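Welcome, and thanks for taking a look at this one with me. Below are a few numbered notes on side-chain contacts, meant to be read with the structure open.

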Amino acid sequence: MRTLLITGPGGSGRTTIAAATARRAAAGGTRTLLLSADRDDTLGAALGHPTGAAPTEAVPGLTTWRPDAADRFRQDLTDFQTRASSVLDLLGAARLDAEEVTPLPGAEELTFLRALRDAALSERHDLVVVDLPPLPQALALLALPEELRRYLRRLLPAERQAARALRPVLGRLAGVPMPADRLYETAARWDIELAAVEAVLTDPETAVRLVAEPGPAGADAVRTATPGLALRGLRTEALIANRVLPDEDGGTWLAGLVAQQGKTLAEWREQPGALHTVPHLGREPRGGDDLGALGVPAVNPAPDPVEWPVADRIAEDGVLVWHIPLPGAIRDELDLIRRGDELLITAGPFRRIVALPSALRRCTVAGAGLREGELRVRFAPDPGLWPAAGR
């Protein structure tokens, strides 16, 4: 099953493009699910069919779904109170009724990620088109599963040594027995759920479609987002230039906007990757006819995988080279920090901590360089850890 993530700067029309993309796929016979993170039903307005918290068939072959974060949070809290009933009773804690619960910050993001996981694991669809939030929120959302799993591993290590050592102290401080086993069971369950979401996002069949209106603001947003997506190992399948105005021959007020769009489009055409233009209809697209008139490209059936290969240059240069594609990255905004078996990579406002491949863990960082949109990190074998020749 394929997953296509669609995002762009706020006001770029990403929801409309997501609706048109999903509708075209369904019309071609692909069983498609259109998943939206919007609170308001802007998706339903574009489709001409309301969407909601329950999966609904909008047209033959196309199912829409806008998960309800509040309802899922209430269910999770009710389940937690049931599982922790003995501890809550011991503490004399009053139970919360479902009706008085409102979602905490982050509940919407986790609910949406769970819905994405459930959709990807389902066998009812061949394609999931995901209408993500605007770019800044989308990039944070895509990073969430990996970051949360890392936090869990650091705070609750699997070997439980820290919990065993701290359990008597915490018990005395709290005055009640500490349910360390239950804590680790919960952490393990969260880790499994987050791992499933992470598997969807890192799957070779998952790609991103960026939507932006050509112009200074759209160009800045694309320029910022491109290395951020690449740092997460996500492939940008296409850049959709939305609301492209027709050429104007006269001196109307539109001529300046057309020229501005033309300048941005010329810059985008020089960049690697597919560029598709979508015309401005002179109105907000509503319903199947308008979505069809946009002429969005079909979903690429065979995406190119994103790879971070390690090249063996020991014989020639005495190093191993880790090739990390970072299109759009700026040399002065790059930073690398080696921390144990991890490498902290910063590219502009984005940061990711990645585990080193096994061969590189026995090496020291010998330098790095950015060339042709690719970060190349050189590693020299550590004589104390690297096997000597002939052994």
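1. Let's begin with Trp322, which is buried, its relative accessible area being 3%. That value falls below the cut-off, since buried means under 20% relative accessible area. Please keep in mind throughout that this is a predicted model.

2. How many aromatic pairs does a search of the whole structure find? The search gives 1 aromatic pair. Its partners are Trp308 and Trp322, arranged edge-to-face, with 5.9 Å centre to centre and 65° between the planes. The angle explains the label, because planes over 60 degrees apart count as edge-to-face. This pair links distant parts of the chain: Trp322 belongs to strand 10 (residues 319-325), while Trp308 sits in the loop between helix 11 (287-293) and strand 9 (310-313), 14 residues apart.

3. Now to the charged side chains. Side chains of opposite charge can pair when their charged atoms come close. Across the whole structure, a search finds 20 salt bridges. The next points pick out some of them.

4. One of these joins Glu108 to Arg39, with 2.5 Å between the closest N and O atoms. Are the two partners buried or exposed? Glu108 is partly exposed at 31% relative accessible area, whereas Arg39 is exposed at 67%.

5. Another salt bridge is formed by Glu146 and Arg232, whose closest N and O atoms are 2.6 Å apart. Here Glu146 lies in helix 6 (residues 135-155) and Arg232 in the loop between helix 9 (216-231) and strand 7 (235-244), so the pair ties together parts 86 residues apart in sequence. Glu146 is buried, with a relative accessible area of 15%, and Arg232 also counts as buried, at 11% relative accessibility.

6. Arg313 and Asp317 form a salt bridge as well, the closest N and O atoms being 3.2 Å apart. Arg313 is partly exposed, with a relative accessible area of 34%. Which residues do salt bridges with shared partners join into one network? They are Arg114, Arg117, Asp118 and Glu193.

Note on methods:
Residues are numbered from 1 along each chain as its sequence is written. This is a predicted model: local features need pLDDT of at least 70, side-chain atom pairs count only at pLDDT 80 or more; totals for chains, interfaces and linings use all residues. Side-chain values use heavy atoms; hydrogens and water are left out. A salt bridge is a side-chain nitrogen of Lys or Arg within 4 Å of a carboxyl oxygen of Asp or Glu. Buried means under 20% relative accessible area, exposed over 50%, partly exposed in between (1.4 Å probe, protein chains only). Helices (H or I, at least four residues) and strands (E, at least two) are DSSP runs, numbered from the N terminus. Rings of Phe, Tyr and Trp (its six-membered ring) pair if their centres lie within 6.5 Å; planes under 30 degrees apart count as stacked, over 60 as edge-to-face and the rest as tilted.
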